Amino acid sequence: MNLLVSYDDSDSETETESSEIHCVSMQDVSKHYVSSGADPKPPLKELPVENSGKYYLTTAQEGVTEKVKRDNWSAKAVYPGKACAGANLGPLRPDMSCKSFDRTFKFTPNSESVSGTGGPTVQKRTMQKEVSSSTSIKPYIPKRLRKELQIDLEVRQQEKEQFSLDTNTSENDSGCSNPLTSRVSEYIRPYLETAYTSTEIPTHLVFQLAQHKGPVNNVQWCPVQHQSHMLLSASMDKTFKIWDAVDTGTCLKTYSCHSSAVRDAIWSLCGRNILSGGFDSALYLTDIETGALLFRSKTEFRISTVKFHPSNPNVFLCGGFSPSVNARDIRSNTVIRTYKAAIQQTLDILFLPEGNVFFTSTDSVSRDSADRTIIAWDFETGAKISNQIFHERYTCPSLTLHPKERAFAAQTNGNYMALFSTQRPFKINKKKRYEGHKVEGFSVGCQFSPDGTILATGSSEGKIYFYNYNTARVIHTLNAHSEACVNLSFHPVLPSLLATCDWEGAIKIWQ
């Protein structure tokens, strides 16, 4: 018994009819040559005709070429160039489509193809519309890679916007480009190509800068060497200023974005921006050329200290009147990590050069010891590495890192400076104790010279004390101010230049 099975295929009848039509037409062509006595030739060959959408079948017999025109037939296939194996295609981006790797086929209606070695074959399916590359499938990108690429795109967009902003504002009235960052001081230029020599103790007053109307909390030279003629100062009068403290001793810019006292302000690693925090609980990143606010954020506590990560310019730490220290990302304006401790206030923050460990100085003092006064933190995990570093009953208002050795110094309210190791377990050096100056409750800063041979500090008396790092003895005392000298900064290039500030609002440059 024969079983009859029918398949619902709309193309089967069409294909059969088309096949019959082609067979008849090709047989007619073969009969033509047989009747004329010509030998049949190998399979027909397709030759395109220029400036035409038609194709012709051609055969040659004794120099005579006959062309059989096939109407209602045209086909065109577009094959883009393929990427060579091992070629560098560049980084994969989410906005990159697969257009370069597509094959776009375009068929006109009623199209049929001829192929094969024994004769024409039938086009199985006729495309009724064009397949556009706009509907191409994009490659799959893992979720982690998508996040990294998104961050990279945001950074590139921010850099592009910053570049366009700098381009639009690069020329001033005199036609000079970037007057603050492009100029190099003639005093500094000879020292840029040579290594830093030994530090000389400054004794003579060069400039006295007295435009602040309140106590000056911090002074810092620009970290970029060819821009180090600029000095940054943060004051309790709600402003921070940039000075030309090498050539002219004049104020270059004044920034008044804060509504309360500016407790701390620092340079960015590139020397083009300034990060500031104050008692108004606000954080600002300011472009020094235009004064535009590139970043702004509000915290839940008054800010006393801010520090950039030493290797990541988009991440910084901020602490203040709070039991926690926050790590923030400028790009996303979010808190990426929180470091909590049983304290009331963070006085200062110090990063190690690698950036994986940092120290915080707090006001936590118990009855018998200063437990948790200095805490070492792991930056990546937020875990406490050690809180048993300093055990004396004094708080440490400032910390400073030695430029060459694995050590850091802490200013204490016990009228001395203690020396610690930056290697675990961060022990105190009991053989070296830098004492002789007075602090008396002021937030007095201290700093090593760039060559590491001198440790200098201010005092509540207005004097500056210079200690020999190796012997811990006072080698010089400078009567600098009439009020408490709360901070100082060695110049990073010039070996004998020092900036100091006091509680009255004066800034002095010594050589």
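## Ground rules

A residue counts as buried under 20% relative accessible area, as exposed over 50%, and as partly exposed in between (1.4 Å probe, protein chains only). This is a predicted model, so local features need pLDDT of at least 70 and side-chain atom pairs count only at pLDDT 80 or more, while totals for chains, interfaces and linings use all residues. Side-chain values use heavy atoms, with hydrogens and water left out, and residues are numbered from 1 along each chain as its sequence is written.

## Salt bridges

Here a salt bridge is a side-chain nitrogen of Lys or Arg within 4 Å of a carboxyl oxygen of Asp or Glu. Searching the whole structure turns up 7 of them. One of these links Asp-329 to Arg-331, with the closest N and O atoms 2.9 Å apart. Asp-329 is buried, at a relative accessible area of 8%, whereas Arg-331 is partly exposed at 28%.

Arg-433 turns up in two pairs. Its side chain meets that of Glu-392 in a salt bridge (3.9 Å, N to O). Glu-392 sits in the loop between strand 22 (384–386) and strand 23 (398–401), and Arg-433 in strand 26 (residues 428–435), so this pair ties together parts that are 41 residues apart in sequence. Arg-433 also forms a salt bridge with Glu-435, where the closest N and O atoms are 3.5 Å apart. As for accessibility, Glu-392 is partly exposed at 28%, Arg-433 is partly exposed at 37%, and Glu-435 is partly exposed at 45%. Elsewhere, Arg-183, Asp-244 and Asp-247 are linked in a network of salt bridges.

Strands are DSSP runs of E with at least two residues, and helices are runs of H or I with at least four, numbered from the N terminus. Two strands pair if DSSP finds at least two bridges between them. Strand 33 (residues 507–510) pairs with strand 6 (residues 205–209) in the antiparallel sense over 4 bridges; there, Gln-208 has Lys-508 as its bridge partner. Strand 32 (residues 498–502) also runs antiparallel to strand 33, joined by 4 bridges, and Ala-499 stands opposite Ile-509. Strands 32 and 33 make a hairpin with 4 residues between them, and Gly-505 in the turn has a positive phi of about 110 degrees.

Which way do the side chains of strand 33 point? In a regular strand they alternate between the two faces of the sheet. In this strand, Ile-507 and Ile-509 point one way and Lys-508 and Trp-510 the other way, and all are buried.
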